[in-house]
Amino acid sequence: MTKIKILPEILSNKIAAGEVVERPASVVKELVENAIDAGSDKILIEVEAGGKSLIRVSDNGCGMGRDDALLAIERYATSKIATESDLDNIGTLGFRGEALPSIAAVSRFTLVTRQADSDIAAKIFVEGGRIKSVGETGAPLGTMTEVRHLFFNTPGRRKFLKTTTTEIGHIVDVAVHAALARPDIRVRLVHNGRVARDFLPVSDPADRIADVFGPDIRPLLYPVKRPGESISISGWIVDPAMDNGSMNRIFIFVNGRHVKDRGVAYALVDGYAGRLMKGRFPMAVIYIEIPPGQVDVNVHPAKHEVRFVRPKEVHESIRSAVAAAWQSDPAPRDQDAGPRMGEDNSQTEFRTGPVFYGRTRVSEPDVPYDSGRRADMPGFGEKVMHRSKNGQPAKMPRKKPGLEPGQAMQAPIWERTGLLDAVLIGQFKNAYILCEIGDELVFIDQHAAHERILYERLKKKRDAGAIPVQKLLMPETVELGASESALIEEMVGDLATLGLDIEHFGDETFVIKSLPAMIADREIKPLLIEFASELAGDGYTPGLLAVMDKLTILMACHGAIRANQHLLEKEMRALISQLAECDNPFNCPHGRPTTTRWPLRTLEKAFKRIV
Amino acid sequence: MRFIIQKESISDVLIRVQGLAGRKTSLAITENILIKTSENGIIISATDLETGFEGFYPALIEDEGEIAINARKLNEIVKSFPISEIHVQDMENRWVEISSEKVEYHLVGADPEDYPNIPRIENVDYFKMNSLSLKQMIEQMVFIAPRGEEKRPHIVGVLFERLEEEGQQVVRMVSTDIKRLAKVDYICDPESACKADKSILIPKKGLVEINKFLEEEGEVNIGVQGNHFVVKKENEIILVNLMEGDFPNFTPLLKQDPSLNIFFDKEFFLMMLKRMSILTSDNYKGVVFHFENNQLLMRTINASLGESKETIEINYGREPLELAFNPRYFIEAINFIGTQKVKMNIRDRESPCFILPDDESTNLHVIMPMSM
Ligand SMILES: Nc1ncnc2c1ncn2[C@@H]1O[C@H](COP(=O)(O)OP(=O)(O)OP(=O)(O)O)[C@@H](O)[C@H]1O
Ligand SMILES: [Mg+2]
């Protein structure tokens, strides 16, 4: 009997139809997912001309018998689900039975596959959706799927293919996602005969992260671990110094599937709790394990998105898991330090460039793929991106990441030393406090620093349940928009513990009976609306802590000393020592840095005392 | 246009219109005042587009006409003018000459045609109020001032009511910022012609301007016509545009149980509150009141500054009660109490606290407690 069944039509209609094959990278993604579903532990991806002329994915998975192989290229033929209720319980990456037929319809498609119980492999050739030949051949165990001349019969779509560099960039992304999703699988990508990436199986996923992004990332990783009965969160978050302006470096895996999810991303940002500037995003690799029934994967044609049945729970798990991660030490640093980074590509390079793989790098055809090295050398995957200009593998200086001479930088968050030993120099422009700490000239933004101090104090009061609350003589009614009121309604209980006593009055009307005293002079309505619409925009329902934090930040900002305020020496000293006592002295609650440092060497260089 | 005027006739009004002319409006010309000749005098107009003023001042008119002239500069010139008799005349291109035999100013005027019209109000049903009482009422309203960009009508405006209560005509004003409230009743003279009518909302800013024109003695005419609240003196009239919006129903909040009254010496209580508020700050506004066994213990705890406490003997025999207040609200309210003793009516931590004078006067201040 065959394993693969054709889905009844009603069921297949329920499955999000649509454009499975958008570009070569989508073909790679589908084929790699099939390989993973087949239980492979080795996947080889070979492409030519950015996948436009050839894509070949070979695996060592379970393979298929001849009849199954023929069924596999039929639409809605899948071995992975059989009944409608299976759709609510998807444990595999594939489930629609749509990928192979869709790919075969727009290419010259060859499938060679052998099961363990057979000595001989089946070989099927399909051209533009028509089966041209079915035969037998000798082949290793597993499956090889070859896709040539993608879109050869749909010139309109072929025209839309981008340059080889762009397309290979997308394919590298797919390989990286697979590599991060399954550190136990070897993923190797060969482009035009050159090995572009080769990730060897590792038991510690952090090793895979280091293989993908380079070993310099290691000391900046904070492990996230939150085992749970239904939801488990694990992964690594990266020091906020590695922030960036988009969500591109947030890698989210739900039950092994790479997805994009703004809600999760914002929950993650919330977990950074003020360590990031507004509008900045961290780098992180997050694995969410959740019972398949708790997540709908059938919402996006290319399966790039999922929908959680209980998003609030997921978000809160992530936020708290990330928040807890800061308590731990960063992952141990790579001890076998190589040659130091050259002077001229020290800090700036480190921050902006070479640690990360990126399309821009891949796009330089001569640089990214080093044919000189053997592909099975350990750590091969990272090497290209981490070379310095002089050809030496770039290593982070071991001392203090983020504090290289020549650059004024915000200290990484675990560097809490120094402030207590600060020698005060004075105030600059009534806004910045200057002091000397060790070999560094340190500037403190007085407003940001005071904000941080107040914020932490308030937070302590708040956590102790000691926030003064002003009751209102005349309860205030606030009308909100429909989506906003839905969000606020959910948070009524949370807000009350902050002294914001708000009651749902029906429809979109709310009645406010008390306010935190610190903001009692403000009209609460705009704050609520801003707050609700921010939440609505994020698609994210934060828990109590996040709500409290937003309000606490607002209150702290309200009370903080301003820039343009002259401070007495005593006041400055007090401010510095209070800042030193903070849990996170280096960022204001909005995430802006409170301090910036100029190492002595920078000055010496500026005065040409050293070169 | 040409006229001669005595410094004394206009120096007061020029000071009083500075608030109106000084306020930024959408029309630059409102920095000016309009001066128009009339029979045996001039009419001065000023406006901030929300409140309009017009007054008549005797002058010797030599030639008719009108000018618009910068209010601040004219005020400074008149204030420091060396002699009493001031000559004013317009010249070519809207220049205005202000002079005496020896002093001469030429000021750039604006086009009087551009000056916004102060609406003509006719057939107003005026009633009379004592000028000083009205002044005191307004002061007790506007101290609860809206902050910054505030737009809520019941905070920006004052409720003005005319009612009949127990056969008497009453004018009532109520002001709030939703955390506290002040209410003052004025019992009209039977001759005053005050009639019960619908309630209106008057912007606090407009009341502040009206207040500047109110004398400490005599009477003024009050009227409501169309969209305007009107205060008319013999030679001067002020119109304030009414606000749209609702005022929350506050009457149920004002129920008091006389058995809960506590009495204080006003001056001592004020000083005590001031002592306690030394250690309050923006972030720690609260003072804790602890009533027990005929004593009130007040205490301030401010994590960043320190703490203070003080006790006072009072008549309090109920269950111990502890609650907190913003001391500023208390100080501001008590300042308006005219009697030597202050009556405070406190029920519990959830209910408003009332502050009243210890006589039959009609002002009432209500403050909501805090919880610490
Ligand atoms: N590499 C492979 N090894 C073993 N079996 C495979 C492989 N690729 C495909 N198959 C079989 O072929 C079937 C069809 O694959 P196809 O990718 O078209 O659908 P699917 O993976 O079930 O669903 P989806 O369309 O969501 O990917 C699969 O269900 C699986 O049984
Ligand atoms: Mg598939």
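Let's start in chain B, where 8 strands make an open, antiparallel sheet in the order β6-β2-β3-β4-β17-β16-β15-β10. Strands here are DSSP runs of E with at least two residues, helices are runs of H or I with at least four, and both are numbered from the N terminus. Two strands pair if DSSP finds at least two bridges between them. At the edges stand β6 (66-70) and β10 (127-130) of chain B, each with a single partner strand, so one side of each has no neighbour in the sheet. On average, neighbouring strands of this sheet are turned by 20° against each other, ignoring direction. (Axes are lines fitted to C-alpha atoms, for helices over the stretch in contact, and angles run from 0 to 180 degrees between N-to-C directions.)

Before going on, keep in mind that this is a predicted model: local features need pLDDT of at least 70 and side-chain atom pairs count only at pLDDT 80 or more, while totals for chains, interfaces and linings use all residues. Residues are numbered from 1 along each chain as its sequence is written, and chains are lettered from A and ligands numbered from 1 in the order in which they are written.

β10(B) pairs with strand β15 (residues 219-225) of chain B in the antiparallel sense, over 4 bridges. Within that pair, B:F127 stands opposite B:I222. Helix α3 (residues 71-79) of chain B packs on the sheet, touching β2 (32-38), β3 (41-47) and β6 of chain B, and its direction makes about 85° with that of β6(B). Helix α4 (residues 131-142) of chain B also packs on the sheet; α4 touches β10 and β15 of chain B, at about 75° to the direction of β10(B).

Chain B as a whole has 8 helices and 26 strands.

What about the nonpolar cores? A core is a set of buried Ala, Val, Leu, Ile, Met, Phe, Trp, Tyr and Cys residues joined through C-beta atoms within 7 Å. The largest has 113 residues, and B:V17, B:I33, B:I355 and B:I367 touch the most other members. Leaving aside neighbours within four places in sequence, the contacts of B:I367 include B:F325, B:Y329 and B:I355; a contact means C-beta atoms, placed from the backbone, within 7 Å. Apart from that core lies another, of 101 residues, including A:I81 and A:V174.

That brings us to chain A, with 18 helices and 24 strands. Of its 611 residues, 44% count as buried. Here 5 strands form an open sheet of mixed pairing, in the order β11-β12-β15-β13-β14. The edge strands are β11 (221-226) and β14 (257-259) of chain A; each has a single partner strand, so one side of each lacks a neighbour in the sheet. Strand β13 (residues 250-254) of chain A pairs with β14(A) in the antiparallel sense over 3 bridges, and A:F253 has A:H258 as its bridge partner. Helix α6 (residues 164-181) of chain A lies across β13, β14 and β15 (284-289) of chain A, running at about 60° to β13(A).

Finally, look at helix α17 (residues 569-580) of chain A. Its buried residues are A:M572, A:I576 and A:L579. Seen down the axis of α17(A), they fall within an arc of 65°, so they line one face of the helix; the arc is that of the directions from the helix axis to the C-beta atoms. The face of α17(A) turned away from its buried side carries exposed A:K570 and A:S577.

How values were computed: A residue is buried if 20 or more other C-beta atoms lie within 10 Å of its own, exposed if 12 or fewer, and partly exposed in between; C-beta atoms are placed from the backbone. Two residues are in contact if their C-beta atoms, placed from the backbone, lie within 7 Å.
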